Amino acid sequence: MPRQKKSSSPGGSQRQLRVGETVRHAVADILSQGDVHDPDLEGHIITVPEVRMSPDLKLATIYVMPLGGRDTDTVISALERNKKFLRGEIAHRVNLKFAPDIRFRVDERFDEAERIEKLLRTPAVQRDLAPDSDDE
């Protein structure tokens, strides 16, 4: 019966993190060099902030964000259309036993950070953060 380790780190095991970072660099290079010839991707600068690998390294979830956060649906659909090409390029650039299946997701971290920033600027939070004048 195989043993299964429960990973305590948020991004997975050390191996998952290392392979994910290698795949992230490969995808970022492919996109920055303009190797993907798709009219919907032309004129877009796409950042790849994170790649999460499954424990068996057979699935890579690639988080992308177009510069300025505009046309996210168009960019994701264009990347999905070119998934086969991208998977082949990743297989050539990353030395793995199997080329991982890839899927694309929009990176929501920027939206979440903006939401928290707006919350911190609300009058109620500012009132709670202000030094008390009663202590004087």
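**Close-up views of a predicted chain**

**View A. Asp 111 lies in helix H4, which covers residues 109-120.** Helices (H or I, at least four residues) and strands (E, at least two) are DSSP runs, numbered from the N terminus. This is a predicted model, in which local features need pLDDT of at least 70 and side-chain atom pairs count only at pLDDT 80 or more, while totals for chains, interfaces and linings use all residues. Residues are numbered from 1 along each chain as its sequence is written, and side-chain values use heavy atoms, with hydrogens and water left out. Asp 111 counts as partly exposed, because its relative accessibility is 43% (buried is under 20% relative accessible area, exposed over 50%, partly exposed in between; 1.4 Å probe, protein chains only). Gly 69 is 42 residues from Asp 111 along the chain, and their C-alpha atoms are 9.2 Å apart.

**View B. The whole chain has 5 helices and 3 strands.** Along the sequence, the pattern reads α-β-β-α-α-β-α-α. The chain has 136 residues, and 31% of them count as buried. Take the contacts (heavy atoms within 4.5 Å) with a separation of 6 or more: residues 24 or more positions apart account for 62% of them.

**View C. Three strands make an open sheet, in the order E1-E2-E3.** Its pairing is mixed; two strands pair if DSSP finds at least two bridges between them. E1 and E3 are the edge strands, each pairing on one side only. On average, neighbouring strands are turned by 25° against each other, direction ignored. Axes are lines fitted to C-alpha atoms, for helices over the stretch in contact, and angles run from 0 to 180 degrees between N-to-C directions. H3 lies across E2 and E3, and runs at about 115° to E3. Strand E2 is largely enclosed by the rest of the structure, because 7 of its 8 residues are buried.

**View D. E1 and E2 run antiparallel, joined by 6 bridges.** Ile 46 has Pro 66 in E2 as its bridge partner. Glu 50 is bridged to Tyr 63 of E2. Arg 52 stands opposite Thr 61, again in E2. Thr 61 also has a bridge partner in E3, namely Arg 103. E2 and E3 pair in the parallel sense, over 6 bridges.

View E. The phi of Leu 57 is near 60°, a positive value in a residue other than glycine. Leu 57 counts as buried, because its relative accessibility is 7%.

**View F. The largest nonpolar core has 25 residues.** Such a core is a set of buried Ala, Val, Leu, Ile, Met, Phe, Trp, Tyr and Cys residues joined through side-chain atoms within 4.5 Å. Six elements each supply at least two core residues: H1 (14-32), E1 (46-53), E2 (59-66), H2 (72-81), H3 (83-93) and E3 (101-106). Helix H1 gives the largest share, 6 residues. Which residues have the most contacts inside the core? They are Val 23, Ile 62, Val 64, Leu 79, Ile 90 and Phe 104.

**View G. Val 64 touches residues well beyond its four-place sequence neighbourhood.** Leaving aside its neighbours within four places in sequence, Val 64 is in contact with Ile 46, Thr 47, Val 48 and Pro 49, among others. Its contacts also include Ile 76, Leu 79, Phe 104, Arg 105, Val 106 and Asp 107.

**View H. Gly 12 sits in the segment before H1.** Is Gly 12 buried or exposed? Gly 12 is buried, because its relative accessible area is 10%. Pro 55 is 43 residues from Gly 12 along the chain, and the C-alpha atoms of the two are separated by 7.4 Å.
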